[in-house]
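Q: Before we turn to the details, could you take me through how packed helices, paired strands and ligand surroundings are to be read?

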Amino acid sequence: MSIRIINTEVCQNCKKETCAFIDRVTKIDSVFASEGTVCPTGALQANPSQQNPFTKKECFDCGLCVGYCNKSNLEIENEANKFNLEYCNSFGMNALVSNYLNKIFPFAANSNRNSSVLFDGYVEIGEEKEAFVEVDEKDALECLRNLLGDFLLYRGQYANEVNTGLIVLTEIPPRGSSNVYTVIERMRMFPNLESKNIFITTFSMLKYLFLHPKNDSVVFENVFYNPLKETIEEYTERITKETGVCFSNLK
Ligand code: SF4
Ligand code: SF4
């Protein structure tokens, strides 16, 4: 996969540079400030026609700049649904996820840049419902522990009770390889957790949804994996059929 500038002149005359900078409000140390840069690794720091960020090793083809260009002047060639996060630290990963989710759903924020908020991210999923988001490369159980803590800590603090949690990983852990599924099955036996729904997704699934926006609003239950509703094989088959893309092992 590679990214290409369609018309260099369009970039040279571009005033907004939304591929590099977005004007989203977020909370940093209790002060509202602009989210700032789009690129999660710093490969792209200004107008791409001035610096060609796509040849840098830090560019891992996440596609954020493509989706945020206000003139559709960036193009992906040989799109692949895998990428590596080698040059992306945990803050970069949270920002990446929040920027994907913010285009897929009505609103999302990279919330843990404010040290008083513990969850990695927050997303509005429609019908006055919200979800907490926890992000990690591999550790599903750690994300789940954090989500359970988020549910209990912030219980009663929002107008709408948050009943949904989203775990974002490099790949969906196979059944039997992680205790995460046992905990998800048992957590409904505990008071205050019986109505919670946990979904799992991957960076590449978010990237796909971000780069292929639909006219209809995206339904959480349709696109993310709910371990209590289906097997990974059933989910993979369903998603592959719907998207026409082979998400093998959902990496
Ligand atoms: S890529 Fe798009 S947003 Fe960025 S400078 Fe070029 S035209 Fe402007
Ligand atoms: S594709 Fe992603 S990593 Fe590469 S320059 Fe664009 S935003 Fe940065």
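Q: How should I read the packing of two helices, and at roughly what angle do the axes of helix α4 and helix α7 cross?
A: Two packed helices are described by the angle between their axes and the distance between the axes. In this predicted model, the axes of helix α4 (residues 90-104) and helix α7 (residues 203-211) come within 9 Å and cross at roughly 40 degrees. Angles under 35 degrees would count as roughly parallel, and α4 and α7 are therefore oblique to each other. The crossing of α4 and α7 is left-handed.

Q: Which residues of α4 and α7 make the contact, and how do they divide by class?
A: From α4 the contact draws on V97, Y100, L101, K103 and I104, and from α7 on L206, K207, L209 and F210. The residues of this contact of α4 with α7 comprise 7 nonpolar, no polar and 2 charged.

Q: How are the axes of α5 and α6 arranged, by the reading of distance and angle?
A: The axes of helix α5 (residues 140-153) and helix α6 (residues 180-187) come within 9 Å, and they cross at roughly 25 degrees. That angle makes α5 roughly parallel to α6. The contact is made by A140, L141, L144 and L148 on the α5 side, and by V180, V183, I184 and M187 on the α6 side. By class, the contact of α5 with α6 has 8 nonpolar residues, with no polar and no charged ones.

Q: How do I read a sheet, and in what order do the strands of this one lie?
A: Strands of a sheet pair through backbone hydrogen bonds, either parallel or antiparallel. Here 5 strands form an open sheet in the order β5-β6-β7-β8-β9, and the pairing is mixed. The edge strands, each of which pairs on one side only, are β5 (107-109) and β9 (197-202). On average, and with direction ignored, neighbouring strands of this sheet are turned by 25 degrees against each other.

Q: How many bridges join strand β6 to strand β7?
A: Strand β6 (residues 121-126) and strand β7 (residues 129-135) run antiparallel and are joined by 5 bridges. Within this pair, G121 stands opposite V133 in β7.

Q: Which residues come nearest to ligand 1 and to ligand 2?
A: Around ligand 1 there are 13 residues, of which C11, C14, C19, C69 and N73 come nearest; by class, this shell has 7 nonpolar, 4 polar and 2 charged residues. Around ligand 2 there are 14 residues, of which C39, L44, C59, C62 and C65 come nearest, and the shell of ligand 2 divides into 11 nonpolar, 2 polar and 1 charged.

How values were computed:
Residues numbered from 1 in each chain as written. Chains lettered and ligands numbered in written order. Predicted model: local features only at pLDDT ≥ 70, side-chain atom pairs only at ≥ 80, totals over all residues. Near = placed C-beta within 6 Å. Nonpolar A, V, L, I, M, F, W, Y, C, P; charged D, E, K, R; others polar. Pairing = 2+ DSSP bridges. Helix = DSSP H or I, 4+ residues; strand = E, 2+ residues; numbered from the N terminus. Axes fitted to C-alpha atoms, helices over the stretch in contact; angles between N-to-C directions. Parallel < 35°, antiparallel > 145°, perpendicular 65-115°, else oblique. Left-handed = near helix turned anticlockwise from the far one by under 90°. Contact = placed C-beta atoms within 7 Å.
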